[in-house]
Amino acid sequence: MSMRQENSDGTTSSLQDLLFSDKHSWSKKDRHKISGPQRKLEKLLSQSGNKICADCGSPDPKWVSLSHGVFICIKCSGVHRSLGVHISKVLSIKLDEWTDEQVNDFIDLGGNTIANKKYEACIPDEYRKPTPDASIDERSEFIRRKYEHLQFLGTDEQIICTQRPRRTSSAHTSSSQEKQEKKQYDKQATRHRIGNAFRNSWGRKDSEYKNSKKNTSMAAMVEFIGLIKVNVVRGTNLAVRDVVTSDPYVILALGHQSVRTRVIKNNLNPVWNESLMLSIPEHIPPLKLLVYDKDTFTTDDFMGEAEIDIQPLVAAAKAYETSTITEPMQLGKWVASKDNTLLKDGVITLVDGIVKQDISLRLQNVERGVLEIELECVPLTQ
């Protein structure tokens with residue numbers, strides 16, 4: 001991918017030449033207007049218990065777990081995201097577009113104080129909750145025990161335990177509890193297990209991800225260097241899988257993380273225009289896109305895949321973070337050629353303080369189909 005820009009005189013300049021060295025924090029480039037739903041969130045955030053991360057106590061959390069009604073910091077949000085949306089759906093207070101329904105549902109959960117009374121009711125006396133400077137391993141262990149395994153959960157009748165369990169008895173109790181919860185979960189119909197279902201469906205198609213379930217604990221221990229916001233815009237001329245049409249949806253995978261779009265019924269030219277967020281690991285893997293046709297009674301049908309190298313976009317975003325430039329400009333591009341699947345050059349641009357890249361590509365390992373997406377690299381300060 002080219003990271004050089006052609007000047008009017010025909011010469012080229014490197015990205016580093018275009019971006020000056022003076023420090024200029026992204027956080028000072030406030031480009032987002034506060035909407036009505038976000039005002040409600042800001043009001044809830046101003047409550048004392050919500051001014052720190054529910055999991056590690058870091059001040060000024062800018063992320064939430066919509067599933068559990070808690071405000072969390074950027075580092076803990078990476079662990080939450082690695083759990084999967086079936087356990088914890090993560091949204092940004094400022095970067096994501098909230099609906100009134102989402103905000104009202106989130107407010108109804110009560111915030112950090114109420115959630116922690118429930119999910120931390122039975123923490124053993126000798127167990128230490130992570131601090132703001134905790135390692136990723138410490139955060140991962142605590143967050144998984146708290147939300148995935150529910151080892152510290154209090155009952156509705158008795159939120160605060162009368163006698164806090166010791167580590168040995170806690171391990172025995174939690175083991176029995178996990179087995180009972182797993183039994184109840186296994187009895188649920190497939191349609192109620194969307195997160196598990198879509199991860200399994202892509203695993204059947206891509207051998208690289210067959211062991212993803214075994215490696216989820218490793219996923220949460222990865223250090224994150226940033227976030228990537230992916231707007232899945234539309235599909236064009238997608239493959240037929242249901243007699244004359246299809247019910248397509250898209251899975252995005254980055255390392256061990258995965259998220260998916262909604263299903264659009266009976267459409268070979270679907271318009272999702274749906275934004276999804278993924279954490280960027282320190283060792284940046286390619287972004288994988290997989291398209292499936294949703295089936296109610298059988299395995300979802302494969303409709304193509306694609307792969308994108310996001311390292312140039314991340315490099316451009318890092319360079320911009322340490323620059324003083326403000327005017328719109330081209331920072332680089334992924335050149336379309338016969339050796340890749342691009343329909344046109346994927347240009348990296350700086351517009352209104354946003355480092356983004358628009359990409360149109362042909363789906364692979366399928367008879368036809370085009371996918372259009374927009375990528376945005378988000379700073380950790382957001």
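1. Basis. The model is predicted: local features need pLDDT of at least 70 and side-chain atom pairs count only at pLDDT 80 or more, while totals for chains, interfaces and linings use all residues. Residues are numbered from 1 along each chain as its sequence is written, and side-chain values use heavy atoms, with hydrogens and water left out.

2. Helix α3. Helices are DSSP runs (H or I, at least four residues), as are strands (E, at least two), numbered from the N terminus. Eight of the 10 residues of α3 (residues 74-83) are buried, so the rest of the structure largely encloses this helix. Buried means under 20% relative accessible area, exposed over 50%, and partly exposed in between (1.4 Å probe, protein chains only).

3. Cores. A nonpolar core is a set of buried Ala, Val, Leu, Ile, Met, Phe, Trp, Tyr and Cys residues joined through side-chain atoms within 4.5 Å. The largest has 43 residues, with L252, L287, I308 and L375 making the most contacts inside it. Helix α10 (residues 311-321) supplies the largest share, five residues. A second, separate core of 26 residues includes W63 and Y119.

4. Salt bridges. There are 13 (side-chain nitrogen of Lys or Arg within 4 Å of a carboxyl oxygen of Asp or Glu). K40 and D100 pair at 3.9 Å, N to O. K40 lies in helix α2 (residues 36-45) and D100 in helix α4 (residues 100-108), so the pair ties together parts 60 residues apart in sequence.
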